[in-house]
Amino acid sequence: MSTYVLVAEDDRKQAELIRRYLVHDGYEVSVVHDGRTALREATRRPPDLLVLDWMLPGLDGLEICRRLRGASELPILMLTARSTEDDLLRGLDLGADDYMTKPFRPRELVARIRTLLRRSRPTARPATVAAAYPAAPGNRAVLTVGRLTVNAAQHQVFVHDRPVNCTPGEFRILSAMAASPDRVFTRSQLLDCLTDHGRTVSERTVDVHILNLRKKIETSPRRPQHLLTVHGIGYKLASGDHGV
């Protein structure tokens, strides 16, 4: 069965260009041109990936992303003419998995889609990360760090037996850190959890994922006790029970 990509882009020429490149690469593609139709189609027939323009009529891309992310881990690639860091963080904070600014090269878009699809599947963990950070002694599928439990086989996270809904990117980062508690990870190392070669998205993406994870697993996200910053280096997941 072909991989199904839904493209939500109000610029019809741009949408047709994206469609042609994706079809040429072997994807099944549907195209919509407004936000309400995009949300309806993504709900009616969930795609394997959504290419989502920020400035759609009806509902903008951020609102669509927010609504979908509340109920789905669908990979979302945002497209926008906005290019400031604040815009990037805002889109990622609402659950987008990657972000491209216009104008962009269609071949790069297709390459990013391939990467997103690979990393959204449990079997797609990059070899470099898997080798450097094995899942656990004996490759256990369930990792426990303090009161945090990560079930890699079922793609589940629990804090105090409370289920935590993580995006694919958040889950991959948390899994790598849970496999090596107290180990300090650089942003570049954590970025390897998201891309094959660490070049598809910026290291700021890691910061946003860490911010979102703190909101989900910490008692006080502004004063984290478990997912800690190691200044000048990166982050670590503390093994002690600090009230997560």
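These legends walk through several close-up views of a predicted model. Residues are numbered from 1 along each chain as its sequence is written, and side-chain values use heavy atoms, leaving out hydrogens and water. Because the model is predicted, local features need pLDDT of at least 70 and side-chain atom pairs count only at pLDDT 80 or more, while totals for chains, interfaces and linings use all residues.

**View 1. Helices α2 and α3 pack against each other.** Axes are lines fitted to C-alpha atoms, for helices over the stretch in contact, and angles run from 0 to 180 degrees between N-to-C directions. Helices (H or I, at least four residues) and strands (E, at least two) are DSSP runs, numbered from the N terminus. On the α2 side, Gly35, Ala38, Leu39, Ala42 and Thr43 meet Ile64, Arg67 and Leu68 of α3; contact means heavy atoms within 4.5 Å. By class, this contact of α2 with α3 has 5 nonpolar, 2 polar and 1 charged residues (Ala, Val, Leu, Ile, Met, Phe, Trp, Tyr, Cys and Pro count as nonpolar, Asp, Glu, Lys and Arg as charged, and the others, Gly among them, as polar).

**View 2. A salt bridge joins Glu41 and Arg44.** Stay with helix α2 for this one: Glu41 and Arg44 are 3 residues apart in it, and so are separated by about one helical turn. Their closest N and O atoms are 2.7 Å apart. A salt bridge is a side-chain nitrogen of Lys or Arg within 4 Å of a carboxyl oxygen of Asp or Glu, and a search of the whole structure finds 13 salt bridges.

View 3. Strand β8 (residues 156-159) is joined to β9 by 3 bridges, and Phe158 stands opposite Pro163 in β9.

**View 4. Three strands form an open sheet in the order β10-β12-β11.** This sheet, too, has antiparallel pairing. Its edge strands are β10 (185-186) and β11 (227-230). Between β11 and strand β12 (residues 234-237) there are 4 bridges, and Leu228 has Lys236 in β12 as its bridge partner. Helix α7 (residues 168-179) packs on this sheet, touching β10, β11 and β12, with its direction at about 65° to that of β12. Helix α9 (residues 204-217) touches β11 and β12, and its direction makes about 145° with that of β11.

**View 5. Helices α7 and α9 cross at roughly 80°.** Their axes come within 10 Å, and the angle makes α7 roughly perpendicular to α9. From α7, Gly169, Glu170, Ile173, Leu174 and Met177 meet residues of α9 including His209, Ile210 and Leu213. The residues of this contact divide into 6 nonpolar, 3 polar and 2 charged.

How values were computed: Pairing = 2+ DSSP bridges. Parallel < 35°, antiparallel > 145°, perpendicular 65-115°, else oblique.
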